[in-house]
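Hi everyone, thanks for making time.

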Amino acid sequence: MTKTKIKKESFWERNKKSEGYLLKKKLTQIFISITRFILLFGLCFLILQPILNKISVSLMEEQDLYNPIVVSIPVHFTTSNYKLAAEIMNYGKAFTNSLIISLTIAILQIAVCTLVGYGFARFKFPLKKFWFAMVMLVIIIPPQVISNSLYLHFRFFDFLGIIKLITGNTLNLRGLKLPYYLMSAGCMGLKNGLYIYMIRQFFRNIPNDMEEAAYVDGCGMLRTFVRIMLPEAKPIITSCFLFAFVWQWTDGFYSNMFLGTTTLVSTSISRIVDSLGAYMQRILGAKVSISVAQSNAVLSTGTLMVVGPVIILYLFAQRQFVESISSSGIKM
Amino acid sequence: MDKKPKHRYVGLEKRKAIAGYLFILPFIIGFAFFMVKPFFQSLYMSFNTVELGAGKFDMIWNGFGNYVYAFRTDPEYARLLTEELLRMLVYSLAIIVFSFFVALILNQKFHGRALVRAVFFLPVILSSGVMLGLESNNSLIASLQQQVEEVTTGISITDGLQTILRTTGVGVRAFEKVFEVIDNIYDVALASGMQIIIFLSGLQTIPKSMYEAADIEGCTAWESLWKITFPSISSLFLVNWIYTVVDFCMRSDNELVEKLQKVMIQNQNYGASAAMTWTYFLIVIAFIGITSLLLNKVVYYND
């Protein structure tokens with residue numbers, strides 16, 4: 001009894017389905033894509049809005065900021081905010097410093113991390129698991145934990161007591177760039193554990209054959225690495241380099257600790273409002289209180305000037321940033 | 001003698017082992033000098049009073065004095081610690097859930113997918129380092145924001161719901177946390193760029209045929225989410241969880257980290273700073289360890 005009923009029903013449904021089902025499916029699809037569009041549009045707007053807002057604020061004169069009618073398009077268009085922010089931040093100098101330091105640090109870090117990542121991916125050696133666990137540890141330990149000790153380490157720098165033996169005193173390396181370069185050369189810079197991990201992951205996915213062919217042909221290990229493996233790993237190296245550059249560009253932690261005396265965009269942007277006060281005082285010769293609107297405008301402008309180069313870089317190299325991570329196949 | 005001889009590295013294998021060590025040598029050196037030494041020194045320092053002198057610094061044994069100071073004398077530390085840890089827990093959960101669902105959406109096919117992906121990844125670059133919390137670091141603008149918030153409280157997304165649920169008075173505290181996260185969805189979105197990409201990379205490795213087979217067998221989308229998608233990328237939950245928690249500790253708008261820096265650089269109280277950092281660090285590590293173990297139980301490995 002029941003069996004026939006089910007059979008009948010399904011038959012009846014099928015009869016109608018050739019049209020009804022299609023319509024239903026189409027409707028759900030449209031509904032889903034509209035919902036998706038609204039959701040994604042909202043979220044994208046959420047992420048982009050602060051930048052757009054900063055752009056419009058940075059182009060306004062002070063009176064526009066107080067004008068409740070002006071929301072996003074300035075009435076009194078001006079670029080004076082940029083001039084002011086550039087002067088306060090010492091932008092030209094900060095920009096060149098940041099550029100040089102970020103570039104050299106990124107090159108150094110990625111060069112070393114590539115070597116280490118390749119070592120972990122391609123060679124078998126005793127205690128390999130242990131050392132790799134240490135890489136994981138480096139990723140997990142926040143730099144804050146060792147920061148106080150590092151601070152003293154470089155304040156009273158000594159290498160196995162040699163320097164004290166010669167000069168009778170320890171070296172004060174604080175404020176110099178050397179400590180940070182040393183750390184970068186030892187894979188202990190900003191997020192270096194992560195780069196090692198990503199590069200290792202990439203090398204592991206390259207088939208062994210080419211290397212072995214090279215070994216059979218009598219190519220040495222270093223030469224195989226430079227001539228054969230490096231060109232293969234170009235995408236991941238590029239993307240890690242971009243990350244290293246960008247993160248170094250905006251980094252405040254290591255910059256404050258080691259490069260405190262060098263004018264960098266990242267450190268000067270975090271002080272920009274205080275600098276604005278000092279600047280105004282110097283010009284007007286008296287202590288003035290700065291209006292919220294003006295400091296906001298200068299801060300927005302400064303932020304834009306700091307992230308501007310990075311955004312441009314991202315626009316051009318967006319694929320390298322995103323694709324290489326998804327292709328490296330991160331696994332536990 | 002021994003039946004199972006120990007693996008010996010000979011010939012090419014030995015050469016390769018040596019080469020391997022040479023390749024990772026920079027890491028070993030850096031690790032020894034800039035991680036192990038400072039790591040233990042910092043631990044030792046937390047039990048000492050550090051006094052700076054000309055050309056050297058002295059450590060005077062202080063026992064648990066610094067720890068006692070951190071919790072009982074310092075007015076802010078205990079409060080900040082609990083606050084930040086709670087915030088870490090809530091936000092990490094929110095970030096994982098958010099990034100998982102965004103990754104699910106971004107894995108579908110639609111027009112402008114590349115653009116949307118680019119936008120979602122933008123915060124990884126833009127909100128790194130000092131850029132995060134620039135507004136809140138700045139007292140002038142922070143006060144302005146407070147004013148704006150006071151004036152525009154009606155704008156809060158969850159406000160309507162909040163009043164309804166508050167009056168019924170069920171689990172008010174828990175609701176408030178949820179509301180806080182939803183109201184701060186901007187922070188969550190900013191912090192989840194990397195996680196979205198990691199989830200996406202996992203989602204792309206799931207073969208389409210699996211879903212098709214499930215579909216033909218009469219599996220609904222909801223079921224295949226739980227039976228196919230979840231197990232396939234469950235290991236990435238672990239990766240993302242660790243990444244998120246660690247990332248949270250390094251954020252520049254983390255008030256506790258600011259406090260630690262202040263104690264160290266302004267107050268020059270290295271011992272107390274070390275003790276504070278170590279308690280924070282140990283709690284975070286314990287937290288990561290326990291949650292990873294728990295997560296590891298549910299992770300499905302397809303090897």
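**Starting from one glycine**

Let's begin with A:Gly193, which sits in helix H9 of chain A, residues 192–204. A quick word on helices: they are DSSP runs of H or I with at least four residues, strands are runs of E with at least two, and both are numbered from the N terminus. Before going on, remember that this is a predicted model, where local features need pLDDT of at least 70, side-chain atom pairs count only at pLDDT 80 or more, and totals for chains, interfaces and linings use all residues. As for labels, residues are numbered from 1 along each chain as its sequence is written, while chains are lettered from A and ligands numbered from 1 in the order in which they are written.

So, is A:Gly193 buried or exposed? It counts as buried, because it has 24 C-beta neighbours inside 10 Å. The rule is that a residue with 20 or more other C-beta atoms within 10 Å of its own is buried, one with 12 or fewer is exposed, and anything in between is partly exposed, with C-beta atoms placed from the backbone.

Which residues does A:Gly193 touch, leaving out those up to four places away in sequence? They are A:Val135, A:Val138 and A:Ile139. Contact here means that the two C-beta atoms, placed from the backbone, lie within 7 Å.

**Across to the valine**

Now hop over to A:Val138, in helix H5 of chain A, residues 128–140. A:Val138 is buried too, because 22 C-beta neighbours fall inside 10 Å. Beyond residues up to four places away, A:Val138 touches A:Gly193, and also B:Phe31 and B:Met35 from the other chain.

That takes us to the interface. In total, 69 residues of chain A are in contact with 70 residues of chain B. On the chain A side, the elements giving two or more residues include H4, H5 and helix H16 (292–328). H16(A) provides the largest share of that side, 13 residues. For the complex, the predictor gives an ipTM of 0.80 and a pTM of 0.83.

**The two chains**

Chain A has 16 helices and 0 strands, and 38% of its 332 residues are buried. Chain B comes to 14 helices and 2 strands, with 33% of its 303 residues counted as buried.

Where is the largest nonpolar core best connected? Of its 145 residues, A:Cys113, A:Val116, A:Tyr195, A:Ile199, A:Cys240 and A:Ala244 touch the most other members. Helix H4 of chain A, residues 91–122, gives the largest share of this core, 13 residues. By a nonpolar core I mean a set of buried Ala, Val, Leu, Ile, Met, Phe, Trp, Tyr and Cys residues joined through C-beta atoms within 7 Å. Take A:Ala244: leaving aside neighbours within four places in sequence, A:Ala244 is in contact with A:Ala106, A:Gln109, A:Ile110 and A:Tyr195.

**Some loops and an open helix**

Two residues other than glycine have positive phi values. A:Leu127, in the loop between H4 and H5 of chain A, has phi near 65°. A:Cys187, in the loop between H8 and H9 of chain A, has phi near 60°. With 27 C-beta neighbours inside 10 Å, A:Cys187 counts as buried.

Helix H10 of chain A, residues 209–216, has 8 residues and 0 of them buried, so it lies largely in the open. Just after H10(A), A:Gly218 takes a positive phi of about 85°.

Chain B averages a pLDDT of 80, and 82% of its residues score at least 70; pLDDT is the predictor's confidence in each residue, from 0 to 100. Within chain B, confidence is highest in helix H11 (residues 208–216), at 90, and lowest in helix H6 (residues 139–151), at a mean of 59. Where pLDDT is low, the predicted coordinates should not be read in detail.
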